[in-house]
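Work through the exercises below with the sequence and the model side by side. Try each task before you read its solution.

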Amino acid sequence: MTQPAPFNPDSILIVDFGSQVTQLIARRVREAGVYSEIAPFQSAEAAFERMQPKGIILSGSPASVLDADSPRVPQVILDSGLPILGICYGQQVLMAQLGGIVTLGDSGEFGHAVIEVSDRCSLFDGLWAEGESHQVWMSHGDKVSALAPGFRPVAASPGAPYAVIADDDRRYYAMQFHPEVVHTPGGGRLIANFARHVCGLTGDWTMAEFRATKIAEIRAQVGKGKVICGLSGGVDSAVAAVLIHEAIGEQLTCVFVDHGLMRSGEADQVVGLFRNHYNIPLVHVNAETLFLNGLAGITDPEAKRKFIGATFIDVFEAEAKKIGGAEFLAQGTLYPDVIESVSFTGGPSVTIKSHHNVGGLPERMNMKLVEPLRELFKDEVRALGRELGLTDAFVGRHPFPGPGLAIRIPGEVTRERCDILRKADAIYLEEIRNAGLYDAIWQAFAVLLPVRTVGVMGDGRTYDFVLALRAVTSTDGMTAAAYQFPGDFLPRVATRIVNEVKGINRVTYDYTSKPPGTIEWE
Ligand code: XMP
């Protein structure tokens with residue numbers, strides 16, 4: 001087993017005040033080649049002492065600094081002499097604590113805004129110059145109305161006279177807008193400039209170090225305990241399993257519950273990879289009948305998801321008992337799974353879909369969770385997978401949801417419908433691969449609609465199902481746009497599917513973006 005490299009402590013601490021997009025700050029810092037960790041404001045002081053960071057970023061927040069008991073920056077951070085970047089609430093709280101004034105905005109600014117750059121600033125190096133206007137993304141009600149001593153304005157927007165402010169002596173910078181979201185073009189560079197030019201970090205942090213860090217963490221967490229990991233067939237659980245195996249070897253057992261809702265050839269690929277290539281202990285359970293019988297008559301999307309999640313737990317639990325139990329449960333949970341399923345702050349949030357790899361298992365099985373990918377976005381998991389030696393063909397696979405084909409068959413799920421969908425989906429993906437488009441697309445799949453239409457084939461009338469094709473581009477699955485196929489691609493696929501798949505006589509293409517749609521249909 002390889003020993004982890006010593007952990008490079010050059011890092012940035014992100015103090016989280018509860019914004020929905022705090023994780024994007026961490027991602028942008030990592031993209032700049034600098035290690036970062038997020039700590040909720042309540043435990044920021046402890047994280048600060050442990051990490052000994054070289055810089056601090058203060059996140060946005062749903063709170064208002066004008067409210068009594070709203071969160072504050074720990075004094076130890078302000079006393080440290082380290083560079084600070086305040087974002088939105090982070091700017092306001094910095095002003096409130098350093099002697100500036102924050103007032104309730106009359107109207108606030110939400111969405112796109114244009115800022116005018118009035119002065120130079122280290123954050124703008126190689127990016128923005130005096131006199132230029134740039135698009136940014138704002139989301140604030142309160143605003144800074146008087147600067148704390150030592151600060152000067154360097155950019156303004158119509159709604160925020162202090163859109164960007166700087167105190168070069170103390171290396172404090174702050175902005176009203178959100179540089180971490182993609183709607184602020186150049187925002188990644190602002191954050192990179194803070195990390196590299198202001199904090200003086202070299203930007204040589206890599207996935208290799210993330211791997212080493214996580215391995216050390218997994219070993220520390222698990223000790224001599226046993227871990228089981230549910231493989232879904234997707235990239236995330238596979239990467240989590242390979243990483244954990246590297247950390248603790250035979251203490252890990254993987255369980256692959258084949259619910260019969262996999263794509264063509266998928267189960268064999270996963271089992272082959274784990275048993276033959278990695279030699280990771282794997283229990284393969286064929287539970288197709290159990291799942292399909294149980295899904296009979298269920299048409300509601302959430303009911304399907306709940307049934308599949310609960311049945312998965314039953315099967316998993318039974319298998320876990322057979323191998324003598326385990327104290328730890330490993331999951332390939334990613335950050336988007338976390339934010340769409342629960343609110344980051346633990347408060348109420350709307351459930352869009354119950355993702356089946358989040359929650360449920362640990363409470364019922366009384367196990368501790370090992371979730372090494374929890375802070376990562378999909379493309380980062382792919383980079384980690386490559387780092388771990390998984391082939392491009394495997395890590396580059398399009399995401400596949402835990403509930404599988406069941407959520408791509410609106411209405412009742414039957415074995416016959418699964419078989420029809422599997423065949424059509426395989427043709428669609430084969431054509432995408434042959435056209436060299438697979439890697440340009442985030443996710444492509446077919447959806448079998450519970451609608452029959454009339455067609456004519458040869459001299460006969462047909463009355464068969466409609467198939468919808470979906471292909472989207474995305475960077476993290478949180479937002480997505482329909483992929484625009486070139487010229488005759490879609491007509492060719494439609495012809496092949498109708499000719500080759502019995503049961504489908506009409507094919508449509510889904511042009512909806514996310515939002516307002518979601519990527520999957522259920
Ligand atoms: P939606 O449909 O919410 O999908 O726009 C976003 C991404 O998440 C995948 N997805 C899931 N993945 N368990 C998973 O592991 C689930 O229950 C689940 N539901 C959706 C979806 O395929 C897309 O990549």
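**Exercise 1.** State where Pro516 is found and describe the peptide bond that joins Pro515 and Pro516.

*Solution.* Begin with the place: Pro516 is found in the segment after strand 20, where strands (E, at least two residues) and helices (H or I, at least four) are DSSP runs numbered from the N terminus. Pro515 is found in the segment after strand 20 (504-509) as well. Next, turn to the bonds: Pro515 and Pro516 are joined by a cis peptide bond with omega of about 10 degrees, and the bond from Lys514 to Pro515 is also cis, with omega near -20 degrees. Keep in mind that this is a predicted model, in which local features need pLDDT of at least 70, side-chain atom pairs count only at pLDDT 80 or more, and totals for chains, interfaces and linings use all residues. Residues are numbered from 1 along each chain as its sequence is written, and side-chain values use heavy atoms, with hydrogens and water left out.

**Exercise 2.** Find the loop that holds Arg171, and describe its phi.

*Solution.* First, locate Arg171 in the loop between strand 10 (164-167) and strand 11 (172-175). Then look at the backbone: phi of Arg171 is near 60 degrees, a positive value in a residue other than glycine. Finally, Arg171 has a relative accessible area of 32%, so it is partly exposed, a class between buried (under 20%) and exposed (over 50%), found with a 1.4 Å probe and protein chains only.

**Exercise 3.** Give the numbers of helices and strands in the protein chain.

*Solution.* The protein chain has 16 helices and 20 strands.
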